[in-house]
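Colleague: I would like to go through this entry feature by feature. Please give the general idea each time, then the case at hand.

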Amino acid sequence: MSESQVLSPLPASGADVVPDEAAPVAAPAPARKRPKPGERREQILQALAAMLEKPGSERITTAALAAHLGVSEAALYRHFASKAQMFEGLIEFIEQSVFTLVQQIVGREQGDAERPATDGMRQASRVIALVLQFGERNPGMVRVMVGDAIVFEHERLQARMNQFFDRIESTLRQCLRPAAGALGSSAPTVDAQVAASVLTSFALGRLQRYARSGFRRLPTEHLEASLALMV
């Protein structure tokens with residue numbers, strides 16, 4: 001049955017229907033509301049993310065996703081050319097959500113000469129906390145971020161998530177380089193790169209543990225104390 005099809009009782013072929021005045025008149029079945037433009041696409045992505053939240057869930061098929069939504073597989077492909085495009089939609093959400101807030105953290109204090117360079121350490125800690133808090137609040141997205149959900153999908157998806165963490169690491173390096181110089185480092189660029197790499201690996205490891213524990217081990221567990229050891 002198509003999304004727009006409405007069920008309505010039909011008389012038997014060739015028969016005259018005479019209403020029974022004594023019988024109660026049934027109210028007409030409400031028509032299924034047609035989604036607004038873009039609404040169905042959003043529903044598909046929300047359903048995919050929800051299915052990814054189930055611990056230990058197997059590879060999600062378009063048939064299972066369509067059944068979850070109560071539509072046909074053809075209805076999915078009217079909005080996405082492939083399942084890979086559906087995952088790309090989730091990745092776009094992750095990128096936009098995280099980097100919009102990262103820019104607020106980093107950009108807000110850039111160019112302020114009066115602030116001590118060591119504020120970069122605080123910025124780096126806030127960026128890592130942001131990534132982990134986002135994952136904690138969006139368990140289904142975590143399985144995309146760490147690659148578990150896309151391991152059997154198109155390789156460009158994993159490459160795009162790798163780029164996501166490369167951007168996080170680059171941002172951390174920019175935050176930490178002035179701090180390394182202010183602390184008297186003889187090679188601030190190198191030291192900032194090492195620290196940024198350690199912090200990024202820490203964040204990715206926490207997200208992986210969260211996914212593989214069935215979302216029981218929270219990525220923000222003892223976060224402040226953990227960051228204090230590294231920053």
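Colleague: Where is F215 found?

Modeller: First a caution: this is a predicted model. F215 sits in the loop that links α8 and α9. Its phi is positive, about 65°, although F215 is not a glycine.

Colleague: Is F215 buried or exposed?

Modeller: The reading rests on relative accessible area, and buried means under 20%. F215 has 13%, so it is buried.

Colleague: Which residues in α8 and α9 meet?

Modeller: From α8 they are V198, L199, F202 and R206, and these meet L223, S226, L227 and M230 of α9. By residue class, this contact of α8 with α9 has six nonpolar residues, one polar and one charged.

Colleague: At what angle do α5 and α7 pack?

Modeller: The angle between helix α5, residues 119-137, and α7 is about 160°, with 7 Å between the axes. This makes α5 roughly antiparallel to α7. Here the crossing, α5 past α7, is left-handed. On the α5 side the contact is made by G120, M121, Q123, A124, V127, I128 and V131, and on the α7 side by I168, L172, C175, L176 and A179. These residues divide into 10 nonpolar and two polar, with no charged residue.

Colleague: Where is E153 found, and which residues does it touch?

Modeller: E153 lies in the loop between α6, residues 139-145, and α7, residues 155-182. Leaving aside residues up to four places away in sequence, E153 touches R59, K83 and F87. The side chains of E153 and R59 are joined by a polar contact of 3.2 Å.

Colleague: Is E153 buried or exposed?

Modeller: E153 counts as buried because its relative accessibility is 15%. F152 is placed in the loop between α6 and α7 too. F152 has 62% relative accessibility and so counts as exposed. The C-alpha atoms of F152 and R59 are separated by 8.1 Å, and the two residues are 93 apart along the chain.

Colleague: How many helices and strands does the secondary structure of the protein come to?

Modeller: There are nine helices and zero strands. Read from the N terminus, the order of elements is α-α-α-α-α-α-α-α-α.

Colleague: What share of the residues in the protein is buried, and what share of contacts joins residues at least 24 apart?

Modeller: Of the 231 residues in the protein, 39% are buried.

Note on methods. Residues numbered from 1 in each chain as written. Predicted model: local features only at pLDDT ≥ 70, side-chain atom pairs only at ≥ 80, totals over all residues. Heavy atoms only, no water. Helix = DSSP H or I, 4+ residues; strand = E, 2+ residues; numbered from the N terminus. Buried < 20%, exposed > 50% of the residue type's maximum accessible area, 1.4 Å probe, protein only. Polar contact = N/O pair within 3.5 Å; in protein donor to acceptor, adjacent residues only side chain to side chain. Contact = heavy atoms within 4.5 Å. Nonpolar A, V, L, I, M, F, W, Y, C, P; charged D, E, K, R; others polar. Axes fitted to C-alpha atoms, helices over the stretch in contact; angles between N-to-C directions. Parallel < 35°, antiparallel > 145°, perpendicular 65-115°, else oblique. Left-handed = near helix turned anticlockwise from the far one by under 90°.
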